Amino acid sequence: MHYILCLVNLLCGKFSVLALSELRSHTKLFFITGYTIDNTQSMQPEKTTGTIKQQLAAIAPTLEQLTKQKNERKREFVNVQSQIDQICGEIAGTIEVGEQVATPQVNEDDLTLERLEDFRSQLQELEKEKVLFYLLPFLLVLMLHSSYHSHRIRGRCLVPRPGNV
């Protein structure tokens with residue numbers, strides 16, 4: 001209800017700098033909680049009465065904590081997306097193993113755990129694909145080598161010896 005009064009005051013031109021600041025803080029709090037915190041957690045400040053300065057002071061710690069959580073979540077997204085880009089580049093042959101990739105741009109409009117888990121699942125699949133990508137040539141060589149030696153042992157050498165051509 002208080003937010004509506006702030007908006008009415010703002011529209012009527014009867015607002016102070018503190019009222020505008022409080023409105024911005026509440027708006028920022030809404031957007032941060034809406035995009036980074038699970039729905040099961042409630043981070044609303046308990047104190048909603050008092051002067052505007054008191055209300056701002058009550059919101060500030062929550063806002064700071066949510067900003068830290070948002071930044072941490074953003075770092076997690078950057079880390080996972082960087083690993084995905086790294087593996088994709090290695091498999092495609094566009095970058096060398098161990099070469100650093102550019103820091104990916106993160107969509108800050110959707111930093112939900114569900115989206116992060118989707119990226120983590122994608123990363124796990126790519127890691128499996130990378131192992132197969134590097135392991136498959138060795139397995140093929142091993143199979144050819146094994147096949148060659150098994151035929152030689154049976155006396156059916158596939159490759160003629162020099163001088164027996």
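Phe-77 and Phe-119 are both buried, where buried stands for under 20% relative accessible area, exposed for over 50%, and partly exposed for what lies in between, with a 1.4 Å probe and protein chains only. This is a predicted model, in which local features need pLDDT of at least 70 and side-chain atom pairs count only at pLDDT 80 or more, while totals for chains, interfaces and linings use all residues. Residues are numbered from 1 along each chain as its sequence is written, and side-chain values use heavy atoms, with hydrogens and water left out.

The count of aromatic pairs comes to 2, a pair being rings of Phe, Tyr and Trp (its six-membered ring) with centres within 6.5 Å, called stacked if the planes are under 30 degrees apart, edge-to-face if over 60, and tilted for the rest. The rings of Phe-77 and Phe-119 have centres 5.9 Å apart and planes at 85 degrees, so this pair is edge-to-face. Because Phe-77 lies in helix H3 (residues 52-92) and Phe-119 in helix H4, the pair ties together parts that are 42 residues apart in sequence; helices here are DSSP runs (H or I, at least four residues), numbered from the N terminus. The rings of Phe-133 and Tyr-134, with centres 5.2 Å apart and planes at 80 degrees, likewise make an edge-to-face pair. Phe-133 is partly exposed at a relative accessible area of 37%, and Tyr-134 is partly exposed at 30%.

Turning to charged side chains, the structure holds 8 salt bridges, each defined as a side-chain nitrogen of Lys or Arg within 4 Å of a carboxyl oxygen of Asp or Glu. One of them joins Glu-64 and Lys-68 at 3.7 Å, N to O, and these residues are separated by about one helical turn because they are 4 residues apart in helix H3. Glu-64 is partly exposed at 48%, whereas Lys-68 is exposed at 54%. Another salt bridge forms between Glu-108 and Lys-70, whose closest N and O atoms are 3.3 Å apart, and this pair links distant parts of the chain, with Glu-108 in the loop between H3 and H4 and Lys-70 in helix H3, 38 residues apart. Lys-70, Lys-74 and Glu-108 are linked in a network of salt bridges.

Arg-75 and Glu-72 also form a salt bridge, with the closest N and O atoms 3.0 Å apart, and their separation of 3 residues in helix H3 is about one helical turn.

Definitions and conventions. Helices (H or I, at least four residues) and strands (E, at least two) are DSSP runs, numbered from the N terminus.
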